[in-house]
Amino acid sequence: DSSLWRSAHKNRINMAFKGEDHLDSLPLPVQRMHLIQVDSVQRWMEDLKLMTDCECMCILQSKPISVEKDEQNELILSSQYGTCDNLQLLLKRAWIISTELTRIAQKLEKNRWQRVHSMTVRVNCHVRSMINEYNTFTRNSSEEMHQFEKLLIDKCSEFTAFTERCVQTEDEEILKSMKSCINETLTTVAQYFGQLIELVLTHEAQNLLRQIELSDSVYITESAISSLLSLTEEGAHLCRIIAKEGGVVALFKVCRQDCFRCLYPQTLRTLASICCVEEGMHQLEKVDGILCLADILTDNTHSEATHAEAAAVIAQITSPHLTFTQHLSSFLENMEEIVTALVKLCQEASSGEVFLLASAALANITFFDTMACEILLQLNAMKILLAACSDKHIVDTPYSRDQVVTILANMSVLDQCASEIIRGNGVQLLMEMLFEKSSSGNSAEVAACERVQQKSAVTLARLSRDPEVADAAIKLSCIPRLIKLCRSPAERNNSDSVLVACLAALRRLAVMSPDGLEDSDFQQLVKPRLVDSFLLCTNMEESFV
């Protein structure tokens, strides 16, 4: 089902394809946990259960109902929630506490003592509820964790007592003297809370990885990997924890066992998430992960889904915007095999999602070594990519066209590329890409459309050094379209990068066909220095056109 596949890949694709060039500008490493943005009423409905639990805990003075050990085990086993659900509940509770602590600091700055006290009571209850909930479903928490639980509960009680005293006094001097103590206590609560959450998440990651490493059961391994994947989706900080605990090593071990072949897609998807952080890349290098990925991509007995997920990992680890590149030396050793397999995957892709993953990996690879472009030329990749663009079921989004035009732009530095473009009707495709527009208005899609316009203009500028390409572009009325993009900010969504690329392409084509421009266009867009034309176009009003 295409919609299910698209949903499963959405977050991971965004993660792999972000950046200022051909990648979406989306958030990278965030230290604190986050929740997917949802409608405010829906969020309130979801939080309602937690809030009512919190009130119940107040009434019971945060004391759990005692049960015998045997009864407790039965309760855990009969629970309707699995490990993944329990972790999600824990993360949500932690997010609420983190948000409340931030709000308390804001109210404290404004000396709103009644609000500070009521929020402190609420945090106190949430902390106790979180600890009780966690201790209900975990069976082997460490002594260190219990110590931090006690420290946090004691400090929360102290915090509540402080704020209660503030509410009961109206003496400004006393309140002023107590404010520094409250600030210090708040900082300590936040510190203990952060350390406890770090211990809990590390403990849970260790448990999941232990299951993956020791179990021969496909069911148990699949469940553990699923829980691990849900943790990676909570942000880069959790990916670092998993990587430090040996997550990459354990997952590649799964990918090297034939008995777990049915789990390869899910395992590779989890690896792609973990490898967004430097610690994950270090682990990948240590276990020869790139060699393993090459073996999977070149093994024709694997399913298309497995090949697509392997391509997603390649797309992640070859992002041109990564600041850590120590893994690239081993990648170069296997590059020809990987590129060949990715081109084949593009050619045989049965859906737009598979093509997107494979083409994104190729696009990234072309950034860091010109040899990749030469290999692509030898494999007739340009013909395959241009043919794919004519199939609207395969290249069906601006994101896919962004990957294709990125590859074309990087290949266009090769002299042999021009003849391939002509033979594949590539100039016509580049002309069409100059008209790329977002159908949804979504900010990520709009940014992708801008990149498509920019890179198609860059590719035209580079290829137009060949008279045959320049002549084809002029016959297809590229010059009027480039002028329109320069003069009309709305056509390029006010993008400066698109403007610069169009000015460069226009100047290259003007050399080949000076008669194609009116005198005013030549005087304003071609004759001046590029920076002067740029400033002129950026200051133009829409009504000027």
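**Side-chain contacts**

Guide: Let's begin in helix H6, where Lys150 and Asp154 both lie, four residues apart, about one turn of the helix. Keep in mind that this is a predicted model.

Visitor: Okay, so what do Lys150 and Asp154 form?
Guide: They form a salt bridge, with the closest N and O atoms 3.0 Å apart.

Visitor: And is Lys150 buried or exposed?
Guide: Lys150 is exposed, because its relative accessible area is 54%. Asp154 comes out at 39%, so Asp154 counts as partly exposed.

Visitor: Which residues get joined into one network?
Guide: Glu100, Arg103 and Arg122, through salt bridges that share partners. Glu100 meets Arg103 at 3.0 Å, N to O, and Arg122 meets Glu100 at 3.2 Å.

Visitor: Where do Arg122 and Glu100 lie?
Guide: Arg122 is in helix H5 and Glu100 is in helix H4, so their pair ties together parts that are 22 residues apart in sequence. Glu100 and Arg103, on the other hand, both lie in helix H4, three residues apart.

Visitor: Why does Glu100 count as buried?
Guide: Because its relative accessibility is 5%, and buried means under 20%.

Visitor: New topic: how many aromatic pairs are there?
Guide: The count comes to one. Phe148 and Tyr192 pair up edge-to-face, 6.3 Å centre to centre, with 70° between the planes. The pair links distant parts of the chain, with Phe148 in helix H6 and Tyr192 in helix H7.

Visitor: What sits over the ring of Phe435?
Guide: The charged end of Arg481, 4.1 Å from the ring's centre.

Terms used
Residues numbered from 1 in each chain as written. Predicted model: local features only at pLDDT ≥ 70, side-chain atom pairs only at ≥ 80, totals over all residues. Heavy atoms only, no water. Phe/Tyr/Trp six-rings, centres within 6.5 Å; stacked < 30°, edge-to-face > 60°. Helix = DSSP H or I, 4+ residues; strand = E, 2+ residues; numbered from the N terminus. Lys NZ or Arg CZ within 6 Å of the ring centre and 35° of its normal. Salt bridge = Lys/Arg side-chain N within 4 Å of Asp/Glu carboxyl O. Buried < 20%, exposed > 50% of the residue type's maximum accessible area, 1.4 Å probe, protein only.
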